[in-house]
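Have the sequence and the model open side by side for this one. We'll start with confidence and then work our way through the fold.

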Amino acid sequence: MTRPATRKGSVRDIAAATGLSIATVSRALNAHPSVAADTRDLVQRTAQRLRAAVRAEPDGRPRPARSSTCAARTSSPTTSG
């Protein structure tokens, strides 16, 4: 079974370009303390390069900004009395 094509700049693409694991790339992007500074720099530079390669639409127009919606579910503390 083949995987669908991923957009450039994804964690998977960065891992393939750097030779690092997906987990290491994820940790580096999230500034995990166990990742060495040189590894973090490599991941960040590669991410910027891959993002720059796909920044514009095929016709040259800039891509519209993505928006996301996040709903938080909260509950009130219960008190027993």
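Which element of the chain has the lowest mean pLDDT, and which the highest? H3 has the lowest at 90, while H2 has the highest at 94. Here pLDDT is the predictor's confidence in each residue, from 0 to 100, and helices are DSSP runs (H or I, at least four residues), numbered from the N terminus. Across the chain the average pLDDT is 76, and 53% of the residues score at least 70. Residues 1-6 come in below 50, and beyond near neighbours in sequence this stretch has 3 contacts in the model, a contact being heavy atoms within 4.5 Å. Where pLDDT is low, the predicted coordinates should not be read in detail.

Some ground rules. This is a predicted model, so local features need pLDDT of at least 70 and side-chain atom pairs count only at pLDDT 80 or more, while totals for chains, interfaces and linings use all residues. Residues are numbered from 1 along each chain as its sequence is written, and side-chain values use heavy atoms, with hydrogens and water left out.

Now for the middle of things. The largest nonpolar core has 8 residues: Ile 14, Ala 15, Val 25, Ala 28, Val 35, Val 43, Ala 47 and Leu 50. H1, H2 and H3 each put in at least two residues, with the largest share, 3 residues, coming from H3. Such a core is a set of buried Ala, Val, Leu, Ile, Met, Phe, Trp, Tyr and Cys residues joined through side-chain atoms within 4.5 Å. Buried means under 20% relative accessible area, exposed over 50%, and partly exposed in between (1.4 Å probe, protein chains only).

Over in helix H1 (residues 11-18), the buried residues are Asp 13, Ile 14, Ala 15 and Thr 18. Thr 18 counts as buried because its relative accessible area is 19%. Setting aside neighbours within four places in sequence, Thr 18 contacts Val 25, Leu 42 and Thr 46. Just after H1, Gly 19 takes a positive phi of about 80 degrees.

Next, helix H2 holds Arg 27, which is partly exposed at 40% relative accessible area. Not counting residues up to four places away, Arg 27 touches His 32, Ser 34 and Val 35. In the loop between H2 (22-29) and H3 (37-53) sits Ala 31, exposed at 52%. Ala 31 has a phi near 55 degrees, a positive value in a residue other than glycine.
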